[in-house]
Structures are given as structure tokens and as C-alpha cells.
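Dear colleague,

Please find below the structure that I am handing over to you. My notes on it follow.

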Amino acid sequence: MSHRYNFALIGCGAVAAMHAKAINGLDKGELFGVYDSRKESAEKFAEKHGCKVFTTIEELLGCMDVHIVDICTPSGLHAEYAIQAANAGKHVVVEKPLAITQAQLDGVVQAAEKNHTQVAVITQLRFTPSVMKAKKAIDEGRLGKILMADFKGKFYRSKEYYTKSGWRGTWAMDGGGAMMNQGIHGIDIIQYLMGGVKSVQALCRTQMHDIETEDSAYVLVEYKNGAIGALHSTTAAMPGYPREIEINGTKGTIKLEEDEIKCWDVEGEKENIGKTDCNVASDPMAFSHAYHQLQLTELLDALDQERAPIVDVYEGKKPVEIILAAYESSKTGKRIELK
Ligand SMILES: NC(=O)c1ccc[n+]([C@@H]2O[C@H](COP(=O)([O-])OP(=O)(O)OC[C@H]3O[C@@H](n4cnc5c(N)ncnc54)[C@H](O)[C@@H]3O)[C@@H](O)[C@H]2O)c1
């Protein structure tokens with residue numbers, strides 16, 4: 001059966017504007033209300049997007065008209081709000097990363113299981129046609145045996161990007177740096193395409209920016225399918241370059257750049273090479289809300305069909321666990337096996 005769903009959004013900052021556009025473009029959903037710890041931010045946002053302002057989190061969570069809580073706060077607050085929302089019986093959408101520590105990840109999983117609510121984690125790149133095509137080709141064996149898979153996120157972020165926010169580049173609120181904030185999209189895509197990561201060995205450094213967390217990281221990866229690869233995440237590669245993913249198999253190579261296919265050299269196949277208007281190389285918000293909207297559409301279909309969304313709490317924790325293992329590896333100098 002098809003229902004209509006009201007969303008309440010927490011945290012009215014940069015990415016929330018994408019969410020509001022995506023939600024208000026849904027056939028079965030709309031933005032009902034917002035909350036921000038800065039009341040004036042919530043009021044401005046609500047006026048622009050035509051919805052209600054909640055003045056406390058308790059009011060938002062207690063509102064029977066709210067079906068889905070959408071969390072767009074700094075990353076260190078995701079778990080706390082997701083647990084509160086699940087305990088209030090709400091379904092949850094949470095921006096990446098799902099949470100920033102293993103204890104927080106476990107806490108969200110427990111709350112979702114206990115309350116039988118869904119927690120969908122934003123990983124909008126999984127909903128791009130190029131990633132879907134690559135996943136299908138790999139799973140059907142059209143690339144042969146996969147040998148190598150690399151992700152390169154050689155981005156640049158300005159000094160102001162960090163200083164103005166007050167939370168980016170801090171362990172407490174960002175949970176990490178170039179990997180936990182920017183690289184996580186590419187890390188998620190590559191672990192998804194390859195069917196999981198077995199072990200990591202990492203070097204993390206803070207080389208350019210005056211931040212607590214890493215601005216550059218190299219991770220050597222052994223995938224569960226036996227392939228090997230390297231994950232590069234940085235916000236210190238002047239002037240910033242588009243995200244790249246490359247998969248090499250015994251029957252060919254696929255290269256993705258941002259949300260497009262850059263090269264499809266697969267035995268016996270031809271594929272159109274796309275041009276993208278998405279490029280987060282140096283501007284974190286230079287992408288369309290279209291893939292957020294596709295992901296939210298899939299969530300509403302999942303709720304109607306009483307099933308889990310594609311990127312549920314278990315899928316959402318995978319890239320975070322890889323990143324946490326990489327931090328441990330860099331700290332200890334050891335190769336870390338994923339559990
Ligand atoms: N999917 C993507 O491509 C993408 C892109 C950008 C950001 N993000 C994620 O979205 C989240 C937010 O990032 P942003 O760039 O929008 O940040 P931002 O700083 O622009 O916005 C954060 C908002 O949260 C509010 N806030 C802070 N503390 C709060 C609290 N205790 N309760 C309620 N509201 C609070 C702030 O006032 C601000 O309005 C981050 O987790 C980030 O990783 C994802």
C-alpha cells in the first residue's frame with residue numbers, strides 16, 4: 001500500500017538545502033518541519049522551504065505527524081539523534097557518516113532493531129546509473145576475475161572551509177578528516193562494488209590544514225573477493241580533482257569519474273562515455289540533489305513494502321568500519337583485519 005510521509009529535518013545547514021529540494025520533489029513525501037539548535041537558522045530555512053519550525057527536539061520527536069526524521073547535523077551528532085528518533089518510533093534518514101565511533105554504530109543498530117524502525121544512510125552515489133551499471137557488470141562476471149580496485153579522492157578544501165564551520169576537521173564532531181568526511185563516498189562505492197573489504201593498512205597525515213584530523217590518507221586494501229587496491233583521500237591536493245574509481249579485471253577495465261563512466265574497456269562491450277555536472281573537487285556542494293531524491297524515493301518504496309531500504313543501517317556502517325580500521329592501522333603501524 002502507498003502512504004504519504006512527512007519528514008522533519010534536524011540541522012539546517014549546507015546539505016539540508018539539498019535534502020529539502022529532494023524531499024519536496026518526492027511523489028509520496030514532503031518536508032513537514034525543521035529543527036536547528038540555532039533557532040534563526042531553522043526559521044530562515046522553514047520560511048524558504050515552506051514548513052514548520054520545531055523549537056525543541058522533544059517537540060519534533062513527539063509530533064505524531066512526523067514519520068521520518070532526517071538528520072543533517074555535524075557528523076558527531078548523527079548517532080545520538082538517530083537513537084533518539086528510533087526510540088521515539090520514527091524512521092530515520094541520516095547523512096553520511098552513519099556515526100563516527102564503533103560504539104555509536106552499535107548503538108544505532110541496537111536502537112533500530114529494538115524499535116523495528118528503518119535507518120537509511122545517505123550514500124547518494126550508489127544511486128547513480130554509472131555505479132549501478134558497474135556493479136551489475138562486476139556481479140555478472142563481465143570483467144572476469146577482479147584484480148585491482150582503486151579510489152582516488154584528490155580534493156582540495158580551503159582554510160575557510162575548516163575555520164568557518166567550527167566542527168570540520170575535529171575528532172569530536174567530524175570523526176576524522178579527508179577519509180571520514182570526503183573520502184567516505186568513494187570508499188563506500190568501492191567496497192560495495194567489490195563485495196567488502198578484508199583488511200587495510202593505512203598512512204594518515206595532517207600535512208596542509210590546521211586541523212586535528214588527517215587531510216591526507218593512503219590505504220592499501222585487500223578485498224574479500226581477493227583483489228587488491230589503494231584508496232587515496234585528501235583535501236590537500238591543490239587545486240582539487242574529480243573523484244575517480246578504477247576497477248581492473250581479467251576481461252577489462254571500468255573507470256568512473258564523479259557520477260559518470262569515463263572508460264568502459266570491457267571485452268565485447270561498448271558504453272557511452274558521460275559528461276558530468278557534478279564535481280566536488282574543490283567545492284563541497286557542487287552536486288545535484290537528484291541522487292538524494294532517488295535514494296529517498298527508494299526509502300519510501302521500502303517503507304510501503306515493509307522491507308529495509310537498500311542502504312540500511314547495516315550497509316551504512318560498512319564504510320565507517322573500514323575508515324575506523326584505517327585510523328587504527330595508521331596509529332599502530334599494523335595491518336587491520338575487518339571483523
Ligand atoms: N551526502 C553528501 O554529499 C554530503 C555533503 C555535505 C555534507 N554532508 C554531511 O551532512 C552533515 C552536515 O554537513 P553540512 O555541510 O550541512 O554542515 P553545516 O555546518 O553547514 O550544517 C550543520 C547544521 O547543523 C546545525 N546544528 C549544529 N549542532 C546542532 C544540534 N546540536 N542540534 C541541531 N542542529 C545542530 C547547525 O546550526 C547547522 O545549521 C555532515 O554530517 C556531513 O558529513 C553530506
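Are Asp304 and Lys28 buried or exposed? Asp304 is buried, and Lys28 is buried as well; buried means under 20% relative accessible area, exposed over 50%, and partly exposed in between (1.4 Å probe, protein chains only).

Please note that this is a predicted model, in which local features need pLDDT of at least 70 and side-chain atom pairs count only at pLDDT 80 or more, while totals for chains, interfaces and linings use all residues. Residues are numbered from 1 along each chain as its sequence is written, and side-chain values use heavy atoms, with hydrogens and water left out.

Salt bridges

A salt bridge is a side-chain nitrogen of Lys or Arg within 4 Å of a carboxyl oxygen of Asp or Glu. By this rule the model has 17 salt bridges. One of them joins Asp304 and Lys28, at 2.7 Å from N to O. Another pairs Arg126 with Glu315, with the closest N and O atoms 2.9 Å apart. Both of these residues, Arg126 and Glu315, are buried. A network of salt bridges links Arg126, Asp188, Glu315 and Lys318. Glu298 and Arg307 also form a salt bridge, at 2.8 Å from N to O. Here Glu298 is buried, with a relative accessible area of 11%, whereas Arg307 is partly exposed, at 31%.

Thr234

Thr234 is buried, its relative accessible area being 8%. Residues in contact (heavy atoms within 4.5 Å) with Thr234, leaving out those up to four places away in sequence, are Gly153, Lys154, Phe155, Ala178, Asp215 and Ser216.

Yours sincerely
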